[in-house]
Amino acid sequence: MIRGMDDLLTTLRRIDGRGYGAYKDIAGSYEVEPGVMLYVDHVQGDPFAAPSKVRLRVDQQTAALPAALFATRTRNIALADFIARQVRQAIITESGGRRGSGKSGLIRIDAGQQEVLERTAVRLTDAFVEARLEVGLPAAGRKVLGREAAAVLCEDLPAVATAALRWESLPGEEAEAFVACVENQAHIREQLGAMKLVAFVADGSILPRESGASDRPLPSEQAIAFKSPEAKRVSITLPNEAVLPNGQRTRALSGMGIGEGVTLIVGGGYHGKSTLLEALQRGVYFHVPGDGREYVVTRPEAVKIRAEDGRRVERVDIAAFISDLPGGRSTAAFQSEDASGSTSQAANIVEAIEIGATTLLLDEDTSATNFMVRDARMQQLVHKEHEPITPFVDRVRELYQRLGVSTVLVMGGSGDYFDAADSVILMREYEPSDVTDEAKQIAARMPSARVAEAAAALNEPTARIPIATSLSAAKGKRAVKIQGRGVEQIAFGEHEIDLRQVEQIVDPSQTRAIGSAIHLATQFMDGQRTLAEVLQQVQRRLAEQGLEALGPFGEAGEHPGNFAQPRRAEIAAAINRLRTLQVKQRA
């Protein structure tokens, strides 16, 4: 039943001063004014509990958002993201702030930072635009503050709807530029495969961040703008005009193309090698205009790989990299509760390929030294029959030639990779140059004395079939208890999933979504589907129903909670790090 705002005010006056549980009486639907609705979907049970879930909906006849601005999936994601940011700003401007104890009076929307992600925060359809909010219902101790609640629900929220959910109130040119920028990024990503590129870095990009604790760009006056080496420069025609960090406008964007195969990024310490790689690993996502990296675009299947001492590994075939362990132990179904740097890095590579990674991103600083290379002197001292590791340098070429998996590798300490590389980029004071020919000449003039140690050809990794009962989200009397904790941890049932070393998770709402996606994935685990096939089913469900399919609250159409789109790679990474996971290998 739809009620009016007078009804809401009457209820709030009636429950004023009563116990906090009386707020349950306000759940329901309210017409704020013609064309504007307020939905109170989930009422918190305590002033210190998670805030209540409400929705503000404005029909399109009232909102008057230009249909062309959200006509495609990419444009819809972009405009929804832009509106969420506008709602966040309107909350700051229009809200009275904290009213009472705990989280009383606080209004929040799950808007993003530098990345543009598909979110549940704003829903855009041909019929309406809807903002999904969290509201702390005001309390004094554990008593209802009805008058203060009326100010929040009947004054602040309608003001937010007017300021951020109507086209006449929005900065139209800024909205159009935001959508155009995201659409340009999507267009570049679509072109990479045909151009045989794994990534593109536009001229003029600002790659460094302002600090180690911030993902915002270093001010342009302090940064060196990226400029592609001539030999690597490519040009891409865009569907919309692009505005570069220096203010230049163009429809033909030039920059460095990183080709398929094996690419080395070399140079001295502090000259920008890892900064470039970090930009590439974040380039799997859209970025906001003005980020500096908005036109650093990477194929979406690129996965950052690192060593991860102490992680659990469950029946992963790492024999291509590590085999013939002492005692004749097989590594075709390697298991460990406390993997070493080398075994964890091998497992991370195999698991990434297992779920469809087409590009691996590695930095020697976060890799296991003994996994990356064994030089000639060490080979002479420790003979191969006593060394189970086949170093990455002896597999990196095969990964591309046999499996089609490219590698971008930051390497400052070993020239043995020159022989395997298709391209070598030298970073000097944040400026790149193409030194491929020089590296090849050095390799020819100073041949490595090391012997390749790959004993057998590299094959596709053995697929694994997850066992649904090993991924239980139950805790105590609750059938499902899942909680994201920042970007680094998920409480999943009775267990914790450690994601600190999964570097391409960029938003806490992705972590929340990953936890719920694992629970959803168990529906498709029938004892026959591989992990890759299970995750394809999850992606299909999310494509059909949206992120709302992950929501724990109420009925379909209600506030689903705060989620942002995770990639398949990160869902798989979380499953692989759940210490109860059990799998069987497909024959």
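The entries below concern a predicted model.

**Entry 1: helix pair**

I looked up how helix α12 (residues 508-521) lies against helix α13 (residues 531-545): their axes come within 10 Å and cross at roughly 110°. I therefore noted α12 and α13 as roughly perpendicular to each other. I recorded the crossing of α12 past α13 as right-handed. I then listed the residues that make the contact: A517, L520 and A521 on α12, with V534, V538, R541 and L542 on α13. I classed the residues of this contact as six nonpolar, one charged and no polar.

**Entry 2: largest cavity**

I searched the whole structure for cavities of 30 Å³ or more and found two. The largest cavity has a volume of about 220 Å³. I found 19 residues in its lining, and V303, K304, N348, A573 and R577 lie nearest its centre. Which elements each supply at least two residues of this lining? I noted β19 (302-305), α7 (341-354) and α14 (568-577). I recorded α14 as the source of the largest share, six residues. I sorted the lining of the largest cavity by class into eight nonpolar, seven charged and four polar residues.

**Entry 3: second largest cavity**

I recorded about 60 Å³ of space in the second largest cavity. Its lining includes S205, I206, L207 and P208, as well as I224, A225 and F226. I also listed G272, T275, L276, M427 and Y430 among the residues that line the second largest cavity. How do the residues of this lining divide by class? I noted nine nonpolar, three polar and no charged residues for the second largest cavity.

How values were computed:
Residues numbered from 1 in each chain as written. Predicted model: local features only at pLDDT ≥ 70, side-chain atom pairs only at ≥ 80, totals over all residues. Heavy atoms only, no water. Axes fitted to C-alpha atoms, helices over the stretch in contact; angles between N-to-C directions. Helix = DSSP H or I, 4+ residues; strand = E, 2+ residues; numbered from the N terminus. Parallel < 35°, antiparallel > 145°, perpendicular 65-115°, else oblique. Left-handed = near helix turned anticlockwise from the far one by under 90°. Contact = heavy atoms within 4.5 Å. Nonpolar A, V, L, I, M, F, W, Y, C, P; charged D, E, K, R; others polar. 1 Å grid on protein atoms, 1.4 Å probe; cavity = no way out; pocket = protein on both sides within 12 Å on 5 of 7 lines; lining within 4 Å. Points joined across faces, edges and corners; volume = space filled by probe spheres on them.
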